[in-house]
Amino acid sequence: MLLEGKRLLITGVLTPQSIAFATAQVCQEQGAEVVLTSFGRAMSLTEKSARRLPTPANVLEMDANDPAQVQAVQEALASRWGYLDGFLHAIAFAPQDALGGNFLHTPWESVQTAFQTSAYSLKAIAAGMLPLMQERGGAIASLDFDATVAWPIYDWMGVCKAGLESVTRYLARDLGPHGIRVNTVSAGPLKTTAAKGIPGFDQIADGWTSRAPLGWDVTDPMPVARAIAFTLSEFAVGITGEMIHVDGGFHAIGTA
């Protein structure tokens, strides 16, 4: 199996419809042991979802913006496993005034919150988990929405995703000597809980299938989950600093 014996940390699981849940499922099916993280009011949702995985998974509390909680997760994993083979960063948030066409009027405080949660947190978790990965090497994956262009209504979250892509490259540079690969997966639009928080999400999603040469099912996270599992596996041993599109080919086509 692709991930036989791997020990992986998966963030961002809310409901069974989420990309992170599908990733945890695929990783387990491919032989990995998985631990999930959540925090605050989302913990109960994550715990319910964790029981629906092929093998029920433990859930650790981790607010990625709280260094003490990141450190506590590192210590819990050190006690549980002694090392970590990789993790998925599936964390993003922007206040409502940072989305939906309000780009010119968004205050710095909202931008700061969005950037810390959606981009800087990748570095924070990578640095926090480094003691568990630096001797054996491993892989880090994150979830992206291609920020090389400006999207309607995505506004400062688009800027944050551009930051995430850049953080990916700099982490690839700095963690490569430890044998740690860092990649981001740019997914096509999917109707997840996170997507419901983006005003006008359907504007982007509705036209995707007609332009994507392979088509695109906005209700199926499995193509994205399988690509993430690939990046976390030894089959991707020569790939780092990369943005991998899993979007039905939408990114390659100029217009419908």
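Colleague: Which ring does Arg-211 lie over?

Modeller: Arg-211 sits over the face of Phe-250, at 3.9 Å from the ring centre. Keep in mind that this is a predicted model.

Colleague: OK. And what does Arg-136 lie over?

Modeller: That would be Tyr-83: Arg-136 is over its face, 3.7 Å from the ring centre.

Colleague: Let's do ring pairs, then. How many aromatic pairs are there?

Modeller: The count is seven aromatic pairs. One of them joins Phe-145 and Trp-208, with 5.8 Å centre to centre and 40 degrees between the planes, and that pair is tilted.

Colleague: Where do Phe-145 and Trp-208 lie?

Modeller: Phe-145 is in the loop between strand 5 and helix 5, while Trp-208 belongs to helix 8 (residues 208-211), so the pair ties together parts 63 residues apart in sequence.

Colleague: Why does Phe-145 count as buried?

Modeller: Because its relative accessibility is 10%, and buried means under 20%. Trp-208 is buried too, with a relative accessible area of 2%.

Colleague: What about Trp-208 and Phe-250, stacked or tilted?

Modeller: Stacked: Trp-208 and Phe-250 are 3.6 Å apart centre to centre, with 10 degrees between the planes. The pair links distant parts of the chain, since Trp-208 is in helix 8 and Phe-250 is in the segment after strand 7 (243-246), 42 residues apart.

Colleague: Is Phe-250 buried or exposed?

Modeller: Buried, and so is Trp-208.

Colleague: Which residues form the aromatic cluster?

Modeller: Phe-145, Trp-151, Tyr-154, Trp-208 and Phe-250 form one cluster. Phe-250 is also the ring with Arg-211 over its face.

Colleague: Which elements give two or more residues to the lining?

Modeller: Helix 1 (19-29), strand 2 (33-38), strand 5 (138-144), helix 5 (155-175), helix 6 (193-196) and helix 7 (201-206).

Colleague: And which gives the largest share of the lining?

Modeller: Helix 6, with three residues.

Colleague: Last one: how do the lining residues divide into nonpolar, polar and charged?

Modeller: The lining of the largest pocket has 26 nonpolar residues, 13 polar and four charged.

Conventions: Residues are numbered from 1 along each chain as its sequence is written. This is a predicted model: local features need pLDDT of at least 70, side-chain atom pairs count only at pLDDT 80 or more; totals for chains, interfaces and linings use all residues. Side-chain values use heavy atoms; hydrogens and water are left out. Helices (H or I, at least four residues) and strands (E, at least two) are DSSP runs, numbered from the N terminus. Ala, Val, Leu, Ile, Met, Phe, Trp, Tyr, Cys and Pro count as nonpolar, Asp, Glu, Lys and Arg as charged, and the others, Gly among them, as polar. Rings of Phe, Tyr and Trp (its six-membered ring) pair if their centres lie within 6.5 Å; planes under 30 degrees apart count as stacked, over 60 as edge-to-face and the rest as tilted. Buried means under 20% relative accessible area, exposed over 50%, partly exposed in between (1.4 Å probe, protein chains only). A charge sits over a ring if NZ of Lys or CZ of Arg is within 6 Å of the ring centre and within 35 degrees of the ring normal.
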